[in-house]
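Please keep the sequence and the model in view while reading.

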Amino acid sequence: ARSAEATRLPLSSIQRSYLLEYDRQPAERGQFNLGCALRTRPALSGAWVDEALRKLAARHGVLNTAVRSGESGPVRATDRALASAVRVLRVDSLASEAIAEQIAAERVRPFDLSHEAPVRAVLFLADADESVLALSFDRLSLDARSVLELVHELIAVQGEASSLMSATAAYADYVAHEESWLNSPAAGAALSYWRDELALQEPAQKLAQKLALELRERALPSAGTGWDRKRVLLPARLSDALRALAERCETTIPVVMFGAYSALLHRMSGQEKLAIGVHCSLRSGSWAHTCGNFENYVVVGSSVSDDTTVAEHLRGLHARWASAAQHNYPLGELLGRLKHAGSFGATFTYQDARDSVLANAVYGFESPTPMTVGGYEFTAFGSDTGAACAQQGPLHLEIVDLGEQLAACWDFDPG
């Protein structure tokens, strides 16, 4: 058997960033959690869910790790005794309005990082015909893509597709790769790029202050604590028009939506130059299906003048986004090595949930199209699973591509 010392593993850069954020905002830790809710027919059993979670834990080491103290700081400690909790709740009705509040409350309940596995399950049962499975995930351990992979596997391991599932690379291998890369010539070149690029950007605090003032002046309704979220589903006709605009300008729908967002920020702030944080995952081919946290943000500059056309604006953003992605560097490490203040005025994320019941569920949207596996029919139970992001400024826009329509999810700080 391996010794306790042999099971202690370093945290990745993004995990260290989230841990700092958790410590900075202890009352808001649960707001960072990710969630997913699925309606199933016929009803699942608690034993079914428990067995599926145990199979997942056997495949993914990240589900068997806790965050504990080490000699030089927090480490991930492998602990096979960790168990993903499964609770079964009997309810009178499985209608959305009857259990939505319970699902939302469960999603934001903080994880005990030292003694709890990073996934929890609550199974709502009313009769044998139907159930709702609500899953919560710790954001420090898992990103949205990992949640999607895990939910897919949770269904597949209990169904006919289990034999088709292959092993994936371990997150511990990625962390070792990241540490090695940070000391490589490629990382040095990327660091030089960002040193020059950030020197050209106006301070993000300037935008943050103007946005915070604008949000307060608009007196947006607030729940009173932490971040608030507002979601807007764009009409299909408008979504089609935006896709056509992307094609005409030889760019992509993420760039078009980012262009609209940056134009709004220019108008709200009155600034001609902006630096905006854009989500850019650190996943690469080897880690495409690895479960862990690969989140990262890069800085994309936006510049407009009175005579800038829409096409020019989008093409410029396309080029700057591509260049930033080419020099992708773990943000926490980047800010530390450049001794940069490191706050964003605003951030942007694009998520692709097209043609996938599970993606709809992970990003919190109902899907009328069922997915059938192992004799069970799964559909997405619409619930707000959005969460705040580390290094976020007062405003964040997440675009979720649902295929026929685009959804805009606004996170803002009412304080």
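## Helix α9 and its end

Just after helix α9, Gly270 adopts a positive phi of about 75°. Helices (H or I, at least four residues) and strands (E, at least two) are DSSP runs numbered from the N terminus. The model is a predicted one, in which local features need pLDDT of at least 70, side-chain atom pairs count only at pLDDT 80 or more, and totals for chains, interfaces and linings use all residues. Residues are numbered from 1 along each chain as its sequence is written, and side-chain values use heavy atoms, with hydrogens and water left out.

Helix α9 has 17 residues and spans 24 Å from its first C-alpha to its last, close to the expected 24 Å at 1.5 Å a residue; the expected span is 1.5 Å times one less than the number of residues. Of these 17 residues, 13 are buried, so α9 is largely enclosed by the rest of the structure. Buried means under 20% relative accessible area, exposed over 50%, and partly exposed in between (1.4 Å probe, protein chains only).

## Nonpolar cores

A nonpolar core is a set of buried Ala, Val, Leu, Ile, Met, Phe, Trp, Tyr and Cys residues joined through side-chain atoms within 4.5 Å. The largest one holds 50 residues, of which Trp194, Phe258, Tyr261 and Phe348 touch the most other members. Helix α9 (residues 253-269) contributes the most to this core, with eight residues. A second, separate core of 45 residues includes Trp48, Leu133, Ala144 and Leu358.

Not counting residues up to four places away in sequence, Phe348 touches several residues, among them Pro254, Met257, Phe258, Tyr261, Trp321 and Leu397. Contact here means heavy atoms within 4.5 Å.

## Strand β13 and its partners

In strand β13 (residues 376-380), four of the five residues are buried, so the strand is largely enclosed by the rest of the structure. Strand β2 (residues 34-41) runs antiparallel to β13 and is joined to it by four bridges; two strands pair if DSSP finds at least two bridges between them. Arg39 stands opposite Thr379 in β13.

Strand β12 (residues 371-373) also pairs with β13 in the antiparallel sense, over three bridges, and Thr372 has Glu377 in β13 as its bridge partner. β12 and β13 form a hairpin with two residues between them, and Gly374 in the turn has a positive phi of about 60°.

## The chain as a whole

The chain has 12 helices and 15 strands. Buried residues make up 53% of its 415 residues.
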